[in-house]
Amino acid sequence: MFKLLILLLYLGLNRYLVVSEPNIPVVITTWWFSNSTVKAWEVLKEGGSALDAIEQGASVCEVQQCDGTVGYGGSPDENSETTLDALIMDGKTMNVGAVGALRRIKSAISVARHVLEHTKHSFLAGELATQFAVQMGFKEESLSTSESKQLWLKWHNQNHCQPNFWTSVKPDPSKYCGPYHQIKKNEDMRPEVQMIVDKYNHDTIGMVAVDSNGDVAAGTSTNGAKYKIPGRVGDSPIPGAGAYADNEVGGAAATGDGDIMLRFLPSFLAVEEMRRGASPTEAAQTAVKRIAAHYPDFMGAVIALTKTGQYGAACHGIPSFPYVIQDKTRNIFEVITIKC
Ligand code: SD4
């Protein structure tokens, strides 16, 4: 009996004594945006910071216009203009830099980094965020391309402005273009428009990284939703919604139907779940399920990473969801696809 007690005590203590080495540095990225992952990994493997890895990694997608859904020349709004949302969060200081509806500046995540590093603010928006960027030395240029103009012309002239994001207005937004005027709610109860998330409308690069010092950072960059109402800002630049990072726990990032997702702060929730001891996969599942309980048809995904390099993801409303990982256990990046 005594021996059995000793054995049980030993096994119990052992659980706490066996400390596995952290799997850092490490970076994870939403979708199959591997070029951004490779860039971030280059930074991390040279001993660079997680913040630099996130900024430089997401910048690659902005330049390469990943799937036409990050950076310039994608997702024209109702006026045919492309505007950008981006966020970067430092899990060491809990400082945030973000821009929403940024006009005429291509490098949104770098402008967000400037908000983080050169201001005491967290979030700048619209035309005045552009003024800030110009003051910081960024070049002002049109974000439209012949592709984005074509896309808009087709939407406007052939598809009669379908789909759009209006409800309770006249003329009937499910048939006609605007300008619209409000009507009383009970005159037209049009259901909320769901964003179609597919290869060319998934829009957001979200990245989470831990560097070799154990510092965590997360970030996003997107051109948002196609045919959005001008001025619309999605979930991506909102801390806790698009991404979140905390050195004490890890980080998370989200992608999908931002108008719905930002109501639930899924990245914050995933990090808090990991703080409570949930695995990254469980944490991401909890965040996604919380949204699905209210909006069963929403489409989106959450990726999560602990400060020790454990990772996972969860998704909803699409058949499957890929994300990319690179760490020191892999010679090259790996795309992991999960079923939703
Ligand atoms: C947005 N969340 O602006 C972004 C778009 C996206 O998958 O990630 N779609 O709503």
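These legends walk through several close-up views of one predicted protein model.

Local features are described where pLDDT is at least 70, and side-chain atom pairs count only at pLDDT 80 or more, while totals for chains, interfaces and linings use all residues. Residues are numbered from 1 along each chain as its sequence is written, and side-chain values use heavy atoms, with hydrogens and water left out.

**View 1. The whole chain, to get your bearings.** The chain contains nine helices and 14 strands; these are DSSP runs numbered from the N terminus, with helices (H or I) of at least four residues and strands (E) of at least two. Of its 340 residues, 53% are buried. Here, buried means under 20% relative accessible area, exposed means over 50%, and partly exposed lies in between, using a 1.4 Å probe and protein chains only. Among contacts between residues at least 6 apart in sequence, 62% join residues at least 24 apart, a contact being heavy atoms within 4.5 Å.

View 2. Side chains of opposite charge can pair when their charged atoms come close. A salt bridge is counted when a side-chain nitrogen of Lys or Arg is within 4 Å of a carboxyl oxygen of Asp or Glu, and the structure holds 20 of them. In this one, Asp215 and Lys92 meet with 3.8 Å from N to O. The two residues link distant parts of the chain, 123 residues apart: Asp215 sits in the loop between strands S7 (205–210) and S8 (216–222), and Lys92 in the loop between strands S2 (83–90) and S3 (95–103). Asp215 counts as buried at 15% relative accessibility, whereas Lys92 is exposed at 55%.

**View 3. Lys106 meets Glu141.** The closest N and O atoms of this salt bridge are 3.5 Å apart. Lys106 lies in the loop between S3 and helix H4 (108–118), and Glu141, 35 residues away, in the loop between helices H5 (126–135) and H6 (146–158). Lys106 is partly exposed, with a relative accessible area of 27%, and Glu141 is partly exposed too, at 24%.

View 4. The side chains of Arg330 and Asp327 form a salt bridge at 2.8 Å, N to O, and both residues are buried. Salt bridges that share partners also join Glu81, Arg103, Arg104, Glu127 and Glu140 into one network.

**View 5. Thr255 and its partner Trp31.** Thr255 belongs to strand S10 (residues 250–256) and is buried, at 0% relative accessibility. Its side chain makes a polar contact with that of Trp31 at 2.9 Å. Such a contact is a pair of N or O atoms within 3.5 Å; within protein, one must be able to donate a hydrogen and the other to accept it, and residues adjacent in sequence count only if both atoms are side-chain atoms.

View 6. The buried residues are Pro266, Ser267, Leu269, Ala270, Val271, Glu273 and Met274. Their cover includes strand S9 (243–246), S10, helix H7 (258–261), H9 and strand S11 (300–306). After H8 comes Gly277, whose phi is positive, near 110 degrees.
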